[in-house]
Amino acid sequence: MRFLDRLFGRNEPTSRQVAKDRLQLVLVHDRINISPAMLDTLKAEMIKVISKYVEIDPEGVEVTFSQSKRQSRLTADIPVVGPVKRPTRKSSGRAKAVRSQAEAGGDG
Amino acid sequence: MRATIVTITSGKGGVGKTTVTANLSIALAMLGQRVIAIDTDIGLRNLDVVMGLENRIVYDLVDVVEGRCRLRQALIRDKRLSELFLLPAAQTRDKSAVNPEQMIRLCDQLRPEFDFVFIDSPAGIEQGYRNAVAPSDRVLIVTTPEVSAVRDADRIVGLVEAGEKGPPKLIINRLNPAMVRREEMLSTADVVEILAIDLIGVVPEDPAVIVSTNRGSPVALDGKSPSGQAFRNIAGRLMGKDIPIMPIKESANALERLSRFLRG
């Protein structure tokens with residue numbers, strides 16, 4: 001089949017790669033045990049808390065989970081527009097404002 | 001003697017826990033170890049038929065914990081290897097007939113008598129699993145290179161780690177090297193990367209397993225079969241021998257070789 005695929009220039013991902021990608025995605029959620037709705041709530045509350053200290057662009061906030069070994073990492077990428085409470089200094093641009101870790105461990 | 005208690009578990013059913021338990025028990029007994037295999041799949045016992053000892057059952061695990069017989073009376077001595085024993089599960093009860101404390105007490109009684117105590121866990125993550133894991137020193141997780149089995153194995157890894165049992169080790173069962181080569185199956189490296197635990201062995205898919213199970217004569221007894229060799233290697237590793245994990249060879253006939261040549 002691969003011989004024919006190559007002959008006709010088809011280049012679909014292999015079923016092995018599809019299996020691996022799907023597993024990695026589903027396991028991120030299995031390990032954290034957090035629903036997309038809960039993730040949205042988390043994001044909204046985080047924006048609220050951080051906005052008390054610095055002005056951020058809520059539209060640009062990205063919250064993602066990643067995996068390395070059996071550790072899950074929650075990364076929030078939050079664009080900072082400027083300070084809120086202390087109008088002495090101006091900063092701009094994106095800053096990795098929050099990095100926190102969540103221990104993966106099934107339901108533990 | 002102070003036995004090592006090894007629990008074989010998987011989460012998903014049908015991935016080969018019982019086959020692995022039977023074969024590792026046999027392979028270690030062949031290496032001169034004194035071994036007992038305990039079936040904790042109460043209500044769905046099978047280790048007895050896989051080991052070919054089903055006709056000799058008088059008492060079972062539940063009889064022992066409920067005190068209807070002495071432990072020694074319930075142990076079935078293997079007909080081929082005199083240092084190998086089986087403690088069968090009850091067939092007419094359910095998982096709640098035994099609790100984790102009883103399993104720990106039972107294994108404490110067995111510890112001075114044996115080198116290895118193998119516990120064949122039922123599928124699932126409920127009481128049967130907890131019974132099987134409670135007394136264990138080492139947990140071996142069996143998976144096949146399929147998404148459902150790997151996903152369930154990941155759940156078990158999480159549970160074992162949360163239960164402070166130390167890092168479990170992985171057995172990949174029924175790997176088909178030809179399918180891996182064609183990128184139609186997760187490879188050993190893929191599964192290890194996803195689960196992120198140490199590998200203790202890879203068992204190739206092998207028709208000899210079914211034939212040997214038909215006869216009640218586990219494949220580890222078969223000197224030539226590739227799966228039997230894989231089980232004997234895992235047994236050696238459990239004894240602390242440094243046996244490298246060999247890449248699994250394809251058994252190819254002329255037609256397969258020709259088609260492989262055409263595929264490139």
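**Exercise 1. Describe how helices H1 and H11 of chain B pack, and name the residues that meet.**

Step 1: find the geometry. In this predicted model, H1(B) spans residues 17-30 and H11(B) residues 226-238, and they pack at an angle of about 65° with their axes 8 Å apart. Axes are lines fitted to C-alpha atoms, for helices over the stretch in contact, and angles run from 0 to 180 degrees between N-to-C directions. Helices here are DSSP runs of H or I with at least four residues, strands are runs of E with at least two, and both are numbered from the N terminus.

Step 2: classify the angle. The two helices are therefore roughly perpendicular to each other (65 to 115 degrees; under 35 is roughly parallel, over 145 roughly antiparallel and the rest oblique).

Step 3: list the partners. From H1(B), Asn23(B), Leu24(B), Ala27(B) and Leu28(B) meet Phe231(B), Arg232(B), Ile234(B), Ala235(B) and Leu238(B) of H11(B), where contact means C-beta atoms, placed from the backbone, within 7 Å. Sorted by class, seven of these residues are nonpolar, one is polar and one is charged (nonpolar: Ala, Val, Leu, Ile, Met, Phe, Trp, Tyr, Cys and Pro; charged: Asp, Glu, Lys and Arg; polar: the others, Gly among them).

A note on bookkeeping: residues are numbered from 1 along each chain as its sequence is written, and chains are lettered from A and ligands numbered from 1 in the order in which they are written. Local features need pLDDT of at least 70 and side-chain atom pairs count only at pLDDT 80 or more, while totals for chains, interfaces and linings use all residues.

**Exercise 2. Work out which residues of H9(B) are buried and what they pack against.**

Step 1: pick out the residues. Asp190(B), Val191(B), Ile194(B) and Leu195(B) are buried (20 or more other C-beta atoms within 10 Å of the residue's own; 12 or fewer is exposed, and in between is partly exposed).

Step 2: look down the axis. The buried residues of H9(B) fall within an arc of 115°, so they line one face of the helix; the arc is taken from the directions from the helix axis to the C-beta atoms. An α-helix has 3.6 residues a turn, so residues three or four places apart point the same way.

Step 3: find the neighbours. This buried set packs against H2 (15-32) of chain A, together with E6 (138-143), H7 and E7 (169-175) of chain B. In the H7(B) pairing, Val150(B), Ala153(B), Asp154(B) and Val157(B) meet Val191(B), Ile194(B) and Leu195(B).

Terms used: Two residues are in contact if their C-beta atoms, placed from the backbone, lie within 7 Å.
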